Amino acid sequence: MSKQILVINGNPKSDSLCRELASSYAAKSSQYNEVKELSLSELKFDPDLTSGYSANQDLESDLVEFQKLVKWADHVVFVLPVWWGGMPAKFKGLIDRTFLPGFAFKYLANKSMPEKLLKGKTADLILTMDTPPFYYRWFQGNPVHKQLKRTILGFCGFKKISTTYIGPVMNSTEDKRNKWKNKMLKLAKND
């Protein structure tokens, strides 16, 4: 059965391994599914949620389009680098500015947990890093995975969230990069 898949290159750099991996995934998946791609480097918006939730902040047109794509998608693929153990600030700003009450979740009177408004969606997290993945996961605590899976996507209703670790990227050979691209082709075929 065909799915609607959104592939997000979450690297703020215009040219990166993340872009290559996202493109490989999207190209393969489009053979089986309806696929749309989005690149963080091309989005224009203020990443700062200036007043938190205490005041409305108008969404720039790129953010309105991003929300439409997330709503449209059955499955969202996030391809992003791990910088300083976390996600790039612009990517976090994208989440802060768009995964808002009324879009991603809804506060309910007299309830401690909000209603999840993005139920039924699934996701792949593809994390690139210069740190060896085993070290990132077991010694550094796997913070991006935990934050995205549990406190962002899971909080909003996503289920079946898988994570693929790519690294270390620094000093990787062309052969190694091709193996990672082939890994994307296998992931895309199985989604």
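**A sheet and its salt bridges**

Hi everyone! Let's start in the sheet: strands β3 (residues 75-81) and β6 (residues 122-128) run parallel and are joined by seven bridges. Two strands count as paired if DSSP finds at least two bridges between them. Helices (H or I, at least four residues) and strands (E, at least two) are DSSP runs, numbered from the N terminus. Across from Phe78 stands Leu125 in β6.

A word on the source: this is a predicted model, where local features need pLDDT of at least 70, side-chain atom pairs count only at pLDDT 80 or more, and totals for chains, interfaces and linings use all residues. Residues are numbered from 1 along each chain as its sequence is written, and side-chain values use heavy atoms, leaving out hydrogens and water.

Now, which order do the strands take in the open sheet? The five go β2-β1-β3-β6-β7, with parallel pairing. At the edges sit β2 (34-39) and β7 (161-166), each pairing on one side only.

On to salt bridges, meaning a side-chain nitrogen of Lys or Arg within 4 Å of a carboxyl oxygen of Asp or Glu. The structure holds five. In one of them, Arg97 and Glu60 meet at 3.0 Å, N to O. Arg97 belongs to helix α3 (residues 89-98) and Glu60 to the loop between β2 and α2, so this pair ties together parts 37 residues apart in sequence.

Is Arg97 buried or exposed? Arg97 is buried, with a relative accessible area of 1%, while Glu60, at 25%, is partly exposed. Buried means under 20% relative accessible area, exposed over 50%, and partly exposed in between (1.4 Å probe, protein chains only).
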